Amino acid sequence: QVQLVESGGGLVQAGGSLRLSCLASGKIFRLNVMGWYRQAPGKQRELVATITSSGTTNYADSVEGRFTISRDNAKNTMYLQMNSLKPEDTAGYYCNAQGSFLVGAPFVSWGQGTQVTVSS
């Protein structure tokens, strides 16, 4: 079993910044692609950004240039630095990880989410 725990969400004014963290724990052999997704009330969950184990990143057009995804492989931790936040960034932010267990079986895991609220 893999546990993903997000932290760092909160309330911020438009134009402000927040940094989210996602810590992965469990009998993990390898973490491959990790990513951040978000879901606003009444909307579908959408991709925010992903990062591979070698550091290749991908961003949604809506956050390109404002958000930066990174990871520390030694700590099994992923981050999302969010700058120039807008009210439309308000959502629950969820961590996702794909990898394999020590016995070799693959997994896909989700965190419980952390709320980000941006006031205008």
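Modeller: Two strands pair if DSSP finds at least two bridges between them. Please keep in mind that this is a predicted model.

Colleague: Which strands form the open sheet, and in what order?

Modeller: Four strands form this open sheet, and their order is β1-β3-β8-β7. The pairing is antiparallel.

Colleague: Which strands are at the edges?

Modeller: The edge strands are β1, residues 2-7, and β7, residues 67-72. Each of these pairs on one side only.

Colleague: By how many degrees are neighbouring strands turned against each other?

Modeller: On average the angle is 15°, with direction ignored.

Colleague: How many bridges join β1 and β3?

Modeller: Six bridges join β1 to β3, which spans residues 18-26, and they run in the antiparallel sense.

Colleague: Which residue stands opposite Glu6?

Modeller: Glu6 faces Cys22, a residue of β3.

Colleague: Turning to disulfides, how many are there?

Modeller: The count is one disulfide. Cys22 and Cys95 form it, with their sulfur atoms 1.9 Å apart. The cut-off is 2.5 Å, so this pair qualifies.

Colleague: Where in the chain are the two cysteines?

Modeller: They lie in distant parts of the chain, 73 residues apart. Cys22 belongs to strand β3, while Cys95 belongs to strand β9, residues 91-101.

Colleague: Is the link left-handed or right-handed?

Modeller: The link of Cys22 and Cys95 is left-handed, with -70° about the S-S bond.

Colleague: Is Cys22 buried or exposed?

Modeller: Cys22 is buried, because its relative accessible area is 0% and buried means under 20%. Cys95 also counts as buried, at 0% relative accessibility.

Methods: Residues numbered from 1 in each chain as written. Predicted model: local features only at pLDDT ≥ 70, side-chain atom pairs only at ≥ 80, totals over all residues. Heavy atoms only, no water. Axes fitted to C-alpha atoms, helices over the stretch in contact; angles between N-to-C directions. Buried < 20%, exposed > 50% of the residue type's maximum accessible area, 1.4 Å probe, protein only.
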